[in-house]
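Please keep the model open beside the text as you read.

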Amino acid sequence: DGCGHTVLGPESGTLASINYPRTSPNSTVCEWEIRVKPGQRVQLKFGDFDIDDSDSCHSSYLRVHNGIGPNRTEIGKYCGFGFQMDGLITSKSNEVTVQFMSGIHTSGRGFLAAYSITDKSDLITCLDNASHFSEPEFNKYCPAGCVIPFADISGTIPHGYRDSSSLCMAGVHAGVVSNTLGGQINVVISKGIPYYEGSLANNVTSKVGPLSTSLFTFKTSGCYGTLGMESGVIPDSHITSSSILEWPNQTGQVNIWKPENARLKRIGPPWAAFISDEHQWLQIDLNKEKKITGIITTGSTLAEHYYYVSAYRILYSDDAQKWTVYREPGMGKDKIFQGNTELYQEVRNNFIPPIIARFFRINPLKWHQKIAMKVELLGCQFSIGRAPKITLPAPPQNKNDEKNADFADDLIHSVKTSLQTDKTTFTPEIKNTTVTPSVTKDVALAAVLVPVLVMVFTTLILILVCAWHWRNRKKKAEGTYDLPYWDRAGWWKGMKQFFPTKSAEHEETPVRYSSSEISHLRPREVPTMLQTESAEYAQPLVGGIVGTLHQRSTFKPEEGKEASYADLDPYNSPIQEVYHAYAEPLPVTGPEYATPIIMDMSSHPSTPLGAPSISTFKAAGNQAPPLVGTCNKLLSRTDSASSAQALYDIPKGQPGPGSADQLVYQVPQSVAHSTVSKDE
C-alpha cells in the first residue's frame, strides 16, 4: 500500500512513493519489479529522495536488488533527508526489484525515480526543467510516465514553454515523446516572452504563465502540417459518417448536420450523429496514403448546442474495408484518446508512432449530450511509398513443398514486420523473390515539373542578361558625359547665350534706318516716335562674358539680315516694316552712353534750329565721342550746311548750361548754330 505514481514501460519508466511530494503515511510498503529485454541492463536515477533516517535506515529506507524473487541480490540500501545521488544505480541483469519501506516518521517527502535501459546514457527524470541545464541546445532521454499531477508546465507549440516547466512533461504535451514509451528530446533554449498560453494536448493541460527570462522549444521532424480539412483540400465527397443528425428548428426549417460540416474553424454547425452510441464514426478519405501525426478536435462551437466528444478511438485502413485500431507499441489494448472538455476549446492528440494510411476513422466513445465534433488532421506526405509487392516463385513439384511454403510465410511476415517500423528504410534482402517497388504519382509529377522550372528560370536569366547588355551599349553610345538625345536641343539653346556674337568688336556698330522708314514719316513724327517708342531691353548677358564685348550698340540689328561692317550704305537696304528696337545692356568697359543718331533735320522747318530736340542717348562725360567709319558718311549725306563735327550739350541736371526742370537730353547742335551764338 506504499506505491505512488507508477508507469513501467518496456524500456523506461517512472516510480514514486505514495503521496509524493507530500509526506508518506507510516507503516507502508511497496515493491516494483522491473524487466527489460534479455541481454539489456537497467539503470536507475533519483529525481528526489527525502526519507527519514532517524533510526539509521532500520524502519524507513529504499532498497534495490539485482533480479526478482528469492534469488535476488541486494545492490544498496538508502535513506536520509535530501539525499543526493549524482550517479546511476546499474543492475547486472535485465531484472531489478525496488523496495520502499516507510516506518514511524513525522516528515519526509519520499522519493521519485526514473529507470531506463543502459543504452540511454542521457537519462533525466520527470522533475528536470530547462533551468537545470546551461547549454543553449542539448539532447536528453525522457522516461515513460512523466505526465504527473504534481508538475506544471506553461506554454504551447510553436511559441515555446516557460523555463520552469518540466522538460519531459512539456515533451509529451508537444507530441515529441509518448507518456507510455518515453523518448529522446532535442531542446533549444531561447529568450523568454511576456506571456505563455495554455492548452490541452495529449492528456496534458498547459497553464497560462507569466514573463520569464528564457523558454525552450523542441526540434522535430516538421511533419505537423494540416492535411486539408480546414482549407478544403479534402473535398466534401471524401468526408462520410455513420449517420447524420436532421431536426427542424423553431421556424420549421430542417437543419442537417452533415459530415462535411466537420471542418475545424468552419463557421456554422458541426457534424453530428443521428444516434449517440459507440458504433458511430466519422470517416475521412485522404485520396492517397499520408503520414498522419496528430488530430485536433472541437465540440459543436454553438453556444445553444452544448455538444462535444470527450473520448474516442482511432481506426485506419488502406482500402476502407479492413480497419486497424490504433495501439501504442508494446501495449495490448486500444489507445483511448482524451477529447474535449467543453465545446469551444481545440484539443490536440499526437500519434507516436505516426499512422500511415489513406482512410482515417474516428469512433466516439464518450460524449456530452450528443456526438458532435469538428476535426483537423496533422501530418505530411508519405514519401517512402507503398509496401513492395512480393512475387513468390511457383510452388515446386517435389517433397520440399512444405519447407518452401513455410519459407514463404516467414518471408511475408518478415517483410511486413520491417515495413511497420518507421526507422527501417532499407529493402530487405530476400532470396528467390522479386521486389518491385511501385512508383507513385508524386515522383512522375516531380520528373515533369523540375525540368520545366529549370527552363523557365534559365530563360528569365537570359532575358535579364540581354537587357543589361543592351543598356550598357546604349550608355556607351551616348557617352559618359553626354546628355540624353531628348535634352540636347534645350541644352544648346541655353548655352548659346554664353558665346560672343560676331559684332563683338572694338568699333561701334552703326544703327541703320532705311530711307523709306524716314521718308514716310511726317516731320513732327520723327522726334515723337523716338520719344514714345517703349524701351524694351533684351536678355542680359552673363557677367563674365560682357567684359570681352567692349563697345557695343544698344540697338538690336534688323531681323532677317545680320549686321556687317562691309555694308556701308544702310539706306540701300530693302524696305522693311517698322520694328521695335530692343536695347541690350551696355558693356562694362564701354562708354556709358550710346552713339548718337544723326538725322537730316533741314526738311523740318517747323522746328527752329535753336529749339532743342529730344534724344534718348547720352555720351560719356561731357565730350562728344569721335565719329568714325560709317558715321562720317552719314554726316556727309545730310542736306545741312554744318560741318562733320557735332557738339553735345551738357546733360540737363548736371552743372552747366541748360534748364534744371527738364529730365531729357538735347540733340547735338550744328556748328553753324554754335557760331551764331558766339557772334551774338
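The report below covers disulfides and then cavities.

## About the model

This is a predicted model, in which local features need pLDDT of at least 70 and side-chain atom pairs count only at pLDDT 80 or more, while totals for chains, interfaces and linings use all residues. Residues are numbered from 1 along each chain as its sequence is written, and side-chain values use heavy atoms, with hydrogens and water left out.

## The disulfides as a set

A disulfide is a covalent bond between the sulfur atoms of two cysteines; here the term is applied to a pair of cysteine sulfur atoms within 2.5 Å. Searching the whole structure turns up five disulfides. If you number the bonded cysteines of the chain in sequence order, they pair as 1-2, 3-4, 5-7, 6-8 and 9-10.

## Cys3 and Cys30

Cys3 and Cys30 are joined by a disulfide with an S to S distance of 1.5 Å. The torsion about their S-S bond is about 95 degrees, so this disulfide is right-handed. Cys3 sits in strand 1 (residues 3-8) and Cys30 in strand 3 (residues 28-35), so the bond ties together parts that are 27 residues apart in sequence. Strands (E, at least two residues) and helices (H or I, at least four) are DSSP runs, numbered from the N terminus.

How accessible are the two cysteines? Cys3 counts as partly exposed at 38% relative accessibility, whereas Cys30 is buried at 3%. Buried means under 20% relative accessible area, exposed over 50%, and partly exposed in between, with a 1.4 Å probe and protein chains only.

## Cys142 and Cys168

In the disulfide of Cys142 and Cys168, the sulfur atoms are 2.2 Å apart. A torsion of about -90 degrees about the S-S bond makes this disulfide left-handed. The pair links distant parts of the chain, with Cys142 in strand 10 (residues 137-142) and Cys168 in helix 1 (residues 167-174), 26 residues apart. Cys142 is buried at 1% relative accessibility, and Cys168 is buried at 1% as well.

## Cys223 and Cys380

A further disulfide connects Cys223 to Cys380, with S to S 1.9 Å. This link is left-handed, with -95 degrees about the S-S bond. Cys223 lies in the loop between strand 16 (214-218) and strand 17 (225-226), and Cys380 in strand 27 (residues 372-381), so placing the partners 157 residues apart in distant parts of the chain. Cys223 is buried at 4% relative accessible area, while Cys380 is partly exposed at 25%.

## The cavities

The whole structure holds two cavities of 30 Å³ or more. On a 1 Å grid over the protein atoms alone, a cavity is a set of points where a 1.4 Å probe fits but cannot get out, and lining residues have an atom within 4 Å of a point. Grid points are joined across faces, edges and corners, and a volume is the space filled by probe spheres set on the points.

The largest cavity has about 60 Å³ of space. Its lining includes Asp50, Asp52, Phe100 and His105, and divides into two nonpolar, seven polar and two charged residues. Nonpolar covers Ala, Val, Leu, Ile, Met, Phe, Trp, Tyr, Cys and Pro, charged covers Asp, Glu, Lys and Arg, and the others, Gly among them, are polar.

The second largest cavity has about 50 Å³. Among its lining residues are Ile34, Gln43, Leu44 and Val98. Strand 4 gives the most to this lining, with three residues. The lining of the second largest cavity has eight nonpolar, three polar and no charged residues.

Key
On a 1 Å grid over the protein atoms alone, a cavity is a set of points where a 1.4 Å probe fits but cannot get out, and a pocket is an open set with protein on both sides within 12 Å along at least five of seven lines; lining residues have an atom within 4 Å of a point.
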